[in-house]
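Here is a friendly walk through one protein model for someone meeting it for the first time. Have the sequence and the 3D view open as you read.

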Amino acid sequence: MIRQINRNRLLILFLIAVLGLLFLGGVVAYYTLIRSDELQDTVESQWTREITVAAKRGNILDADGEVLAQSASTQSVLLRPGEIDDPGEISRILAPILGMDEQAIYELASQEKVEVWLKRHISSEQASKIASLNLEGVDFFIETKRYYPYNDSLSQVLGYTTIDGVGQTGLEKMFEKYLAGENGTILVQTDAYQNTIPGTEQVFSPASDGVNVITTVNSAIQSFTEAAAEECMTATGASSVIALAMNPENSDIYSMVMLPAMDLNNIDRSDIDRLNELSRNRAVADAYEPGSTFKIITTAAALDSGKITTESEFNCIGYSMVNGEKIKCWRSGRPHGEQDLAQALQNSCNPCFVSMAIDMGNGVFYDYIRRFGFGTNTGINIGTDGAGIVTDPKYVTNSDLARIGFGQSIAVTPLQLLNAVCAVINGGELHQPRLVKELRTAEGTLVKSFDTVNRGRVISEDTSATMRKLLLSVVENGSGSRAQIPGYSVGGKTGTAQLYGEDGSIVQNKHISSFVGFAPADDPKIAVLFIVYEADVAVDFGSIVAAPYAKTILEKSLKYMGIPADKEDTQLVEVPDICGLSYEEAKNALESVGLKLEAMNEAKIQSQLPVAGTEVVRGSYVFAETNGEESSGGVEGKVPDIEGMNLFDAITECEKLGINLRLKGEVGSGEIIWQSVPEGTEVDFGMMIEVRCE
């Protein structure tokens, strides 16, 4: 019995021993097979340190290889708190050199860490001063900082990076994965204090540098565009200016300017809202009402669809009536009368384009609007690409359609408009705008190319040729005369559009003035769109505040590109002084030297543009304000009682005060029975009053 008990005890002990050995074997297997890599990393981290080898960020270049953005070496200062004997002394010495708070440095120097950043991207002068002091526990680290040779040039296009060199906006962000490259590493052996052990083996994994982004931008044309925009801002007191230059043949972007801009080398990150505002690419992302420059699109669509011909006749009586709404010509006080198509464009006469839009109807007109790319993204290879605002045709009334005909009730981006105009003049084909054409390594090896994209034919070659001639006549004989360039044929169109406030209401006496032009007119090599917001001048027509600056860009660019002159030198004449003269006297004085007079009405001349003594191309217009000028804000007064009047009499009465009428509800033919604005209300020139008729 006792022997059996002992045998059982031995068996239990044996089983316990076996289970213990199995457990220990399992633990060993777990750590050696399953967690071996993790443990190896842990061990290595205790006696090695991994040093990052930063990849060199790629450059951004213009079309000819001019550097627009590059990375430069810079020094950053760090602290090793364990090696600092007196944090207070270090703080006292470094604070004035680095322009930092002494207490902030003390707190960093007192931390229980191997290393802490003190200040990054310090100047070479600061680095030299600190290095000369040989301070224990103070060290330097070589980093790279993004540098922009032209400061604020192309600031919204290039964008900028974070302090760590990561693309944050613009091309820097769009092409981050190509520009950044891949960092490498150096693995070094260290002692217990993480100091490198001299003479030990190091494992090196090289960095893969980023590639260069090559744009379509031409730095010379960009500089011409910037200079013109800056001059315009100074001369007109405008709130902002947008200017673009493009190759009409393939929609490559030569220049893109938005003022105000920011210095990319000195970015103020303290005001995020202001920073976002200045870095927004408004030329690509933001929509605006184009005004009369859109008449190019209306005319091209009407011609191509066969709704009009160059022989078509139009009659301007100062306004058009559409669904009971009176839509005025900009020169309603002195109607243009009978005109052919060329004269309609030269005069920028609204009723003519109302007629074209109504004749085409929603179906035909909207088909062309879509073909020209409005209401859709352009496809440009940069992140922010706006589609504009095009109301669905099922919600568009005839009144809306009429206004679209002369550039209201539709919103486009500047890039969309210039690209569409290029399709009008290049033979009729719409291309996808291109800003980046290829990616290459620093050695020149092609990594990726972005070919031009033809999005299809919009109008026929014949229509395109006709449009070039018509737009040439606008510059030679119409509102675009201040864009004429001696020796070159220039085509184009002016525009003066309404400006809307944040609440959607029209801002009185403030406009968006613009000019879109191209040259040479018969074989365009460059097209320019110049937009001026809220020019603070007496006369802010696009012909006055935009056309001359677009002309400057065109002229300098044509000569830089080596485009030969295509016509005989144009004669220049001196503008006479017409201030104080009657309309007829002023007209005769100008005609005697080969100039033309443009005024709202035939009253006495108060002021003129260009001013007396200016040299302009023979055949140009001189714009005058008179003592009966509508643009001065209209006649002061109060809203009359129009209830009981017939519609025609009410329109006539309200027109004297600068009031527009619109029929509300079902159109009646009897007397007015209701008006939306009460009698006696102060008149706001251009205000709209809705009425109902029996």
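Just past the end of helix α16, Gly-427 takes a positive phi of about 115°. Before going on, a word about what you are looking at: this is a predicted model, in which local features need pLDDT of at least 70, side-chain atom pairs count only at pLDDT 80 or more, and totals for chains, interfaces and linings use all residues. Residues are numbered from 1 along each chain as its sequence is written, and side-chain values use heavy atoms, with hydrogens and water left out.

Back to α16 itself, which covers residues 414-425. Helices here are DSSP runs of H or I with at least four residues, strands are runs of E with at least two, and both are numbered from the N terminus. This helix has twelve residues and spans 17 Å from its first C-alpha to its last, close to the 16 Å expected at 1.5 Å a residue (the expected span is 1.5 Å times one less than the number of residues). Is α16 enclosed or open? Twelve of its twelve residues are buried, so α16 is largely enclosed by the rest of the structure. Buried means under 20% relative accessible area, exposed means over 50%, and partly exposed is in between, using a 1.4 Å probe and protein chains only. Among the buried residues of α16 are Leu-417, Ala-420, Ala-423 and Val-424.

Some of those names come back when you look at Phe-372. It sits in the loop between α14 (350-371) and α15 (398-405), and at 1% relative accessibility Phe-372 counts as buried. Setting aside neighbours within four places in sequence, Phe-372 is in contact with Ile-297, Ala-300, Ala-420, Ala-423, Val-424, Leu-430, Val-458 and Ile-459; contact means heavy atoms within 4.5 Å. Phe-372 and Arg-457 are 85 residues apart in sequence and 9.2 Å apart in space, C-alpha to C-alpha.

Of its 694 residues, 48% count as buried. Among contacts between residues at least 6 apart in sequence, 71% join residues at least 24 apart.

Now for two helix pairs. Axes are lines fitted to C-alpha atoms, for helices over the stretch in contact, and the angles run from 0 to 180 degrees between N-to-C directions.

| Helix pair | Axis distance | Crossing angle |
|---|---|---|
| α9 (219-236) and α19 (547-561) | within 9 Å | roughly 160° |
| α3 (87-98) and α5 (124-133) | 10 Å | about 160° |

How do α9 and α19 run relative to each other? From their crossing angle, α9 and α19 are therefore roughly antiparallel. Angles under 35 degrees count as roughly parallel, over 145 as roughly antiparallel, 65 to 115 as roughly perpendicular and the rest as oblique. Residues of α9 including Ile-221, Phe-224 and Ala-228 meet residues of α19 including Tyr-549, Ile-553 and Tyr-560. By class, this contact has ten nonpolar, three polar and two charged residues. Ala, Val, Leu, Ile, Met, Phe, Trp, Tyr, Cys and Pro count as nonpolar, Asp, Glu, Lys and Arg as charged, and the others, Gly among them, as polar.

α3 and α5 are roughly antiparallel to each other too, and their crossing is right-handed. Ile-93, Leu-94, Ile-97 and Leu-98 of α3 make the contact with Gln-126, Lys-129, Ile-130 and Leu-133 of α5. Those residues divide into six nonpolar, one polar and one charged.

Most residues other than glycine have a negative phi, and most peptide bonds are trans. Asn-151, though not a glycine, has a positive phi of about 55°, and Leu-154, also not a glycine, has one of about 60°. Asn-151 is in the loop between β5 (138-147) and α6 (155-158), and Leu-154 lies in the loop between β5 and α6 as well. Which of them is tucked away? Leu-154 counts as buried at 4% relative accessibility, whereas Asn-151 is partly exposed, with a relative accessible area of 35%.

As for peptide bonds, the one from Leu-259 to Pro-260 is cis, with omega near 0°, and Pro-260 is in the loop between β10 (253-259) and α10 (272-279). The bond from Ala-519 to Pro-520 is cis, with omega near -20°.

Technical notes:
A crossing is left-handed if the near helix is turned anticlockwise from the far one by less than a right angle, and right-handed if clockwise.
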